[in-house]
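Subject: Structure handover

Hello,

The structure is below, followed by notes on what was found in it. Please read the notes alongside the coordinates.

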Amino acid sequence: MLSKWIYFFIGLTTLVVSSANIVFTNSFLVRFHQNINNDIAHAIASRNGFENVGELSGSNGREYHFKNKVLHHSRTRRSITQTRVLKREPLIRTTIQQTGFVRVKRGLRSSPPSLVIPTPYVDDHQSEQTIPSDPYFPLQWYLRNTGQNGGKKHLDLNVQAAWDLGITGKNVTTAIMDDGVDYMHPDLKYNYNPEASYDFSSNDPFPYPRYTDDWFNSHGTRCAGEVSAARDNGVCGVGVAYDSKIAGIRMLDQPYMTDLIEANSMGHEPHKIHIYSASWGPTDDGKTVDGPRNATMRAIVQGVNEGRNGLGNIYVWASGDGGEDDDCNCDGYAASMWTISINSAINDGQNAHYDESCSSTLASTFSNGAKDPNTGVATTDLYGKCTTTHSGTSAAAPEAAGIFALALEANTMLTWRDIQHLTVLTSKRNSLFDAKNRFHWTMNGVGLEFNHLFGFGVLDAGSMVTLAKQWRTVPPRYHCEAGDITQLRFI
Ligand SMILES: [Ca+2]
Ligand SMILES: [Ca+2]
Ligand SMILES: [Ca+2]
């Protein structure tokens, strides 16, 4: 059994490296000449040997996901016969058999939680009432850095300043696109938003993680707690936006990723979900150049332009864990102008050893990587447990999602462009530095400092919320094109 799985994973790796090894799945994206309802799609699917899985999110009945009932979930050759059968249907315009590809969870491999007994928290300068009483809060140095475990005092997300203004993420929903969320967890269940959740790995409304002995599917639950774990309930720690809602979108747990699963996830309930958080991407092996495919790209653009009732959905992305050997410019999700990609710093301000550099990283938050093992990210874990070892840029992106949730509560009219402006203007250089002295802080044309590891610096919840409250929305994005060159000219 073990050897079978080793073979399986080697197979996946080979797929990325060699484009000759394309895998074809039994899923088909079927585009119709006109908008049709689900009953008609169902009839067309079933008379041709397919199951109608459902409409593509946001397609208004124009595109559907059909699954062939006979084909294996993955094969090495395109299924021409099945495609032809569908093409004979007069209502069908095009049929695209979905290729299967690899998307990898960022952060280190999960394991059952270590037993860490938090030390009581004593603070001379703040009254006990204003500080969360949750048992793991003292370990959440990224929320409140008092210098614990060798950290640099005050190098944190400055969330307390936002909380003191009464801003805690109310009426904002963040979707965790991942391997599921333990929505029965006592620290998450009251903040869970079932209406905005879905399981695209199994096609049902319950995105509960699939059990494995090694807790491999704990990733989404860990990310969820960082955003909206409840406060003062005696369980684990506290989320950045502890009164915000969390949605689970399970979409990483099937044999292969497809364009259809990604597109459905990123287009799911765009008026109920404000922020989508992704802590995964193409393999961080320094050899992969990959990004959103056609339907996924359309879903992101539609979400940004039309979602949240026209204000635009916010897509937060983990910038990648490939270290010096990889480059986040080669990751089409992180490098997209429609996403906000987030890198990580450790508790003393150094970059983490796994950080990638690139021009598209907009800002940073915090994650593991310091020598002290108690400096991982403390958050919720599977089956009602807590962990102190969530890690990688996987752990950085949800912290940013939580801060954006705070900003959206502070000003409900912020557009997706406003969030980018606020990020750029309020992120801080603080004491972030490149441990190897390769990437320096440089001033741009308007006098803002940036760095190819950290973007514009570490997010500051207090500053962002304060500026959000008085922010006047920026004008719409202006798109201009230069003329085309139609003939070669020799000078
Ligand atoms: Ca399920
Ligand atoms: Ca709690
Ligand atoms: Ca990468």
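Asp-326 is buried, at 10% relative accessibility, where buried means under 20% relative accessible area, exposed over 50% and partly exposed in between (1.4 Å probe, protein chains only). Asp-284 is partly exposed at 22%. Both residues are protein donors of the calcium ion (ligand 3), together with Glu-356, at 2.3 to 2.6 Å. Donors here are N, O and S atoms within 2.8 Å of the metal (3.2 Å for Na, K and Ca); water is not among the atoms, so sites may look incomplete.

This is a predicted model: local features need pLDDT of at least 70, side-chain atom pairs count only at pLDDT 80 or more, and totals for chains, interfaces and linings use all residues. Residues are numbered from 1 along each chain as its sequence is written, chains are lettered from A and ligands numbered from 1 in the order written, and side-chain values use heavy atoms, with hydrogens and water left out.

The calcium ion (ligand 2) is coordinated at 2.4 to 2.7 Å by Asp-134, Asp-187, Ala-230, Asn-233, Val-235 and Gly-237. Of these, Asn-233 is partly exposed at 31%, and Gly-237 is buried at 4%.

The whole structure has two disulfides, a disulfide being a pair of cysteine sulfur atoms within 2.5 Å. Cys-236 is joined to Cys-386, S to S 2.1 Å, and both are buried. Cys-328 is joined to Cys-358, S to S 2.3 Å; the torsion about that S-S bond is about -105°, so the link is left-handed. Cys-328 and Cys-358 are both buried.

Regards
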